Amino acid sequence: MNEPVFHVGQRVRIADRTPPVHHRVPSYAKGQVGVIERVCGLHGEPEKFIRGDGKPPQRIYRVRIAQPELWTNYEGTDGDKLEIEIFEHWLEAAE
Amino acid sequence: MTDHDHGHDHSRTFQPDHAEPTSDGARIGLALRELLIEAGHYTAGEEQSVIEAMQGASPENGGRIVAKAWTDPGYKERLLANGAEAIKELGYALEPYEFTVMENTADTHNVIVCTLCSCYPRALLGMSPAWYKSSSYRARVVREPRAVLAEFGVELGDDVDVRVHDSTAELRYMVLPQRPAGTDGWSEAQLAKLVTRNSLVGTERDLKIA
């Protein structure tokens, strides 16, 4: 039960949606593709705290995104990365 | 000032009261706090002890953790693998958060931000600096980390990759800075004093030997 759906190294896409409640995905990350850097623990779902207790908890992953893919005219190296925590229900497998 | 004379000067001894809340948000916050205490969710005493624990936290705790990692390779491995468990060995705790420590190396520099608000391992490192909470830092360090770091005095060449960590949910972060050269044989206590708050956030890279 509650086994991680995604594994380290897997390419994932972050959902591009804006629910009308508190959520923990910044606009710049929505719709972006990255790689699972780390599988983290289970935590209360932010969208479900507006009413109730955030249950059932959701898995968090750290997603690594290449900075030059994230921003137009990014100034830095091809190796620069941004890493961000994303809940499982915001992720889908990407090619 | 005063129309009576009794041996002291009111203009010098007067201390203003703690300001009354003036914004709606502050009033709602106070009312909520009183309701939560009245309904028995926690006591005023518990609240006070949490505030005191946070006021007692400081970057010195981070320095102690870093010095331990510099001098004990086994500890460093445990710290990088599971920070929350490893800091318990030194008597610290950051529940309910996961604690993630990112190691700076010769070719990687880490910097921490919370773009959505101002998440910071407060119970461990104390209050975050004002710039960490500024919208300017939060917006810019993800978009142009090298320019922001340069403003902090950290000039990175092309041989160093930047990793920006956006603390968006239930993880809290600390950077493990590099141990400065010329510190062979130093004690943990001596090493801990070299560690600065900014180096734990990643806006400082090369620690100075005083």
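This is a predicted model: local features need pLDDT of at least 70, side-chain atom pairs count only at pLDDT 80 or more; totals for chains, interfaces and linings use all residues.
Student: How many helices and strands does chain A have, and in which pattern do they follow one another?

Tutor: Chain A has one helix and five strands. Along the sequence they follow the pattern β-β-β-α-β-β. The C-alpha trace spans about 45 × 30 × 20 Å along its principal axes.

Student: What makes a residue of chain A count as buried, and what percentage of the chain is buried?

Tutor: A residue is buried if 20 or more other C-beta atoms lie within 10 Å of its own. Of the 95 residues in chain A, 31% are buried.

Student: How do you know that chain A touches chain B, and how many residues are in contact?

Tutor: Two residues are in contact if their C-beta atoms lie within 7 Å. By that criterion, 20 residues of chain A are in contact with 19 residues of chain B. On the side of chain A, β2 (33-43) and β4 (81-87) are the elements that give two or more residues. β4(A) gives the most, with six residues. The residues of this side divide into nine nonpolar, five polar and six charged.

Student: Why are β4(A) and β3 (residues 161-166) of chain B said to pair, and in which sense?

Tutor: Pairing requires at least two bridges between two strands. β4(A) and β3(B) have four bridges, so they pair, and the sense is parallel.

Student: Which residue does A:Ile84 stand opposite?

Tutor: A:Ile84 stands opposite B:Asp166 in β3(B).

Definitions and conventions. Residues are numbered from 1 along each chain as its sequence is written. Chains are lettered from A and ligands numbered from 1 in the order in which they are written. Ala, Val, Leu, Ile, Met, Phe, Trp, Tyr, Cys and Pro count as nonpolar, Asp, Glu, Lys and Arg as charged, and the others, Gly among them, as polar. A residue is buried if 20 or more other C-beta atoms lie within 10 Å of its own, exposed if 12 or fewer, and partly exposed in between; C-beta atoms are placed from the backbone.
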